[in-house]
Number of protein chains: 2
Amino acid sequence: MDNLNGHALRKMSIEELSGLCEELRGKIKDAVISNGGHLSSNLGMVELTVALHYVFDFPRDKVVFDVGHQCYTHKLLSGRESGFPTLRKRGGLSGFPKREESAYDCYNTGHAGTSVSAALGIAKARDLAGDDYNVIAVIGDGSFNNGLVYEAFNSLKPLGTNILVIINDNGMSISPTVGSMHEYLEVLSADAEEQHHKTRRADIFEKFGFEYDGVYDGNDIAAMIDVLTGIKAKLKDRSVILHVLTKKGKGYSFCEDNPEATHGIGGKQSAACVEYSSVLGEKLCELAQKDDKIVAVTAAMTGSLGLSDFFEKFPDRAMDVGICEEHATILCAAMAAQGLKPYYAVYSTFLQRSFDEIVIDICSQNLPVTLCIDRAGISGADGETHQGVFDLSFLSFIPNMTVAVPKDKNEFAAMIEFSATFGGPLAIRYPRACTHDFGSVMPIVAGTWEKLSHGDGRVAVLACGERAIACAVHAAEKASAGGIAVSVINARFVKPLDERMLSSFSEGLIVTVEDNMLAGGFGSMIAEYFSDSGKRVKIFAYRDSFIEQGGVEELMNDYGLNADDIAEYILKSV
Amino acid sequence: MDNLNGHALRKMSIEELSGLCEELRGKIKDAVISNGGHLSSNLGMVELTVALHYVFDFPRDKVVFDVGHQCYTHKLLSGRESGFPTLRKRGGLSGFPKREESAYDCYNTGHAGTSVSAALGIAKARDLAGDDYNVIAVIGDGSFNNGLVYEAFNSLKPLGTNILVIINDNGMSISPTVGSMHEYLEVLSADAEEQHHKTRRADIFEKFGFEYDGVYDGNDIAAMIDVLTGIKAKLKDRSVILHVLTKKGKGYSFCEDNPEATHGIGGKQSAACVEYSSVLGEKLCELAQKDDKIVAVTAAMTGSLGLSDFFEKFPDRAMDVGICEEHATILCAAMAAQGLKPYYAVYSTFLQRSFDEIVIDICSQNLPVTLCIDRAGISGADGETHQGVFDLSFLSFIPNMTVAVPKDKNEFAAMIEFSATFGGPLAIRYPRACTHDFGSVMPIVAGTWEKLSHGDGRVAVLACGERAIACAVHAAEKASAGGIAVSVINARFVKPLDERMLSSFSEGLIVTVEDNMLAGGFGSMIAEYFSDSGKRVKIFAYRDSFIEQGGVEELMNDYGLNADDIAEYILKSV
């Protein structure tokens, strides 16, 4: 299959292509079941991708996959089949498009809604170079809700260039797609069943300068080749939107029946553990029962954030706004301005989209919105675009913000309880899995830390969050074996710092540990605190580079968080 | 006028109301000419705002002004007339809506596109509280291009609430509005001239669940009262978009003829000086003449960023995408991925919107996009939502990013020249005005600093950017008078740091100065660098609070950057 390219595909009959599709499906399923990854979305994309490779001339023509997790077939058809078993492994093939990996990947994606903007930029560069290749954006109906798409559509005419946008409509984000644009796509689809597609029009898209063509069965390989061939001939003169319906999970009944659960699945190696998200869901339901001011907002991933029960129990007070992280943030701020108590649950990496709204809408108005930041720290196999390692850095310098980091699920539950009566912006960040239990929880007061162990007065290790504390405790054991008893502190608030405790340290060496970038993170605030004091501060955090895909523990280890290095540093420094 | 409220307005005849409008216009003009501020946009909004206060019952009803700089009439009609001469002054009335200032301001704005999301949040809170007041968003056609509006529209139906959105269409952002949505608004307006408005429909908006009503003359007070009265009666049952045309600069021919130049004007006290933006424009034209890979992108403020000439000379290579900072960022990344050399010019505060795209699209792909960040540091009279004091903090922890800060316009020109052959993501941040000249420019090499003066080996002052350097030089003179000769360093790259120079310092006390927040900024990186060294580091930067409106120098002084404090610290610490 590594020798398969467009040229080879074009020699195959429809029957042979259908057989190839089944073969591709098998390879995708095998790799994902073994390594984890995005299953249902890729199963739905097989025929469409084969047809794209049949009709277009990659890598001369360019295709941008929105979000990018649906690119597996594209990888298999672009010389990467032999590497496919390494999918999402350390050093292996990425689960997303990667320019570094293949000339067939022209633009890296990972966050939603960027494909149309990127396709326009590529097309504009093509025009300026006097070239004439085709540029295609493939975007799901979930991503299609993102405001970036509207911004890009708005500039199609002013940019004066031509692209093809394929709407891959499977009715799902990670959760079922919501919103009026989705409803509109559904109307178009319903029309399609009643009349021949050639007579249909979608005036919204035409107003932005696109010719609209749809709705087609994206899992029908012959139809896809046919319609793409027709469109390809037009792309010199105009921009086209092709609307296709695909079946998420296509070909595997379990996936077809459970598209949300099989959107992304963990690899074989996933350990059984409690997820912080389930603690959030449980605790928030409990609080919401007592306090009708509590509302919850998500951006298209209710289930994986633990809020399915909340959404069922309190439908009026639960809002999934689709993949619209910025809008979600403002909605929370505005509800808080009117006296409600909003919780915005979101993955750390996607919260980056809300940065400006956190500064301006939430913090400059000092509103009591609670950000429940899941998948914080290294998230693992999704790689560079999904690591949640920037949040401490981009939240801690925002005035009025309080940043909490629980040591374990019990402290997390206590923090959620604390948040219910807290009167300002609050961020609580936590990884996916809770695998430790650090004992009883000291009452939560903003800006207070907890001493987990008392040392001999020479070294204090300040760690925030479960993973860092586990690392610190382990390092302390090793240091103790080497003759140095260190104090270990649960620095459960990164902002404000516990200045009372900080000012009480007699230790001359302060070591900090965090599951975050070094620059701008917890340790750098400690370094700043002690900068004029004569104390030495040593920071263990991630150095200045993007963190690739891999296992959480191996990445933490390799990028700067491991007990051996910390213990070694302590032993040689005292 | 401080006693004017809706009740009083409703007793006035149309003639009296027209007279009032002229009176309001005079007050706005007087205050803006004296204090600086947004002139043309406010002149255009007078009749519409008077009509809103006539028809609706504020503050029980709620109005959110998008961006917010068009709220002056609203302020004059809500008990703030006597304070109006303090507009935009330190301690005076804000030029934007402020909840802290009046119950009539229900939601603070400052950045574009947030009003519809905020109105939906307020309306949702109203519904949950069982209340029945009206919620209105007033949004200009410029802001209407922003993706947030689409995200909010998309969730109108799922949220199941009712709001009124007023599109205040004056054909302008700060620059003339661009894009297909604007073109569509123009089509609706053209239709309006040909047929009676009642028969018109705008199916785009209807698909999102709005009834559309337009187009009306927003400067016709009688018509506005009439149409708003009609719409108010409907708002219990549905959401409505009211489309009105207003004349930017209305009532003053100079403003009407020069809406871009009079959008915002400086106060009387503005000193004559060179603007960094004009250096950017000149230099970029010069480089673009030689290198046809250079392209420039702006988000609706081409003129104020100095790029008008570039846009005239290189129309194919110049793109104003409207108020779409995120889309602009991705467009640049994609063009860079295809070998172009994009420059994205933007105000520091608005770059916050692009944070995620800077991380993911530009930096994780390590693409040679140059961010030209204007109005960095304290920007002054626009207050909390417009200070450019976060950029060093939110850029410096992003891997692959290089951050440059010129000492003056000559070094800025050299940095622009340097950028043309630089192969990775580069941010150059500068304030609006260049008022110093620090002599000859040392050749620009990434991560190299310049010693401006040599001290006696006890104290080194590291400063980045013109304002900080001016402060440092001044402090050095004072310290010298006190018997301590300090070294002053032009730390022109905040990332990477000049580690060669840092490691060569014999000085035991390092003082840093920057026009940025303390947390995560330049000084905190220096503190981290020396954290394990025994050297003392003292950081002068802005402490953890939002910086209010006022004069640039008085704010710098009061919030932590002044030569006296620095000199005093040095003299007492050595």
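Q: Which residues make the contact between α2(B) and α4(B)?
A: From α2(B) come B:L17, B:L20, B:C21, B:L24 and B:R25, and they meet B:V46, B:E47 and B:V50 of α4(B). Two residues are in contact if their C-beta atoms, placed from the backbone, lie within 7 Å. Please keep in mind that this is a predicted model, where local features need pLDDT of at least 70, side-chain atom pairs count only at pLDDT 80 or more, and totals for chains, interfaces and linings use all residues. Residues are numbered from 1 along each chain as its sequence is written, while chains are lettered from A and ligands numbered from 1 in the order in which they are written.

Q: What makes α2(B) oblique to α4(B)?
A: The axes of helix α2 (residues 14–35) and helix α4 (residues 46–55) of chain B come within 10 Å and cross at roughly 125°. Angles under 35 degrees count as roughly parallel, over 145 as roughly antiparallel, 65 to 115 as roughly perpendicular and the rest as oblique. The angle of roughly 125° therefore makes α2(B) oblique to α4(B).

Q: Why are β16 and β21 of chain B said to stand at the edges?
A: The open sheet has five strands in the order β16-β18-β17-β20-β21 (chain B), with mixed pairing. Two strands pair if DSSP finds at least two bridges between them. β16 (450–453) and β21 (536–542) each have a single partner strand, so one side of each is left without a neighbour in the sheet.

Q: How do you know that β17 and β18 of chain B pair?
A: Four bridges join strand β17 (residues 459–464) to strand β18 (residues 487–490) of chain B, and the two run parallel. Against the requirement of at least two bridges, the four bridges make them a pair. Within these strands, B:L462 stands opposite B:I489 in β18(B).

Q: How many residues of chain A and chain B are in contact?
A: 91 residues of chain A are in contact with 91 residues of chain B. Helix α6 (residues 115–128) of chain A gives the largest share of chain A's side, nine residues.

Definitions and conventions
Axes are lines fitted to C-alpha atoms, for helices over the stretch in contact, and angles run from 0 to 180 degrees between N-to-C directions.
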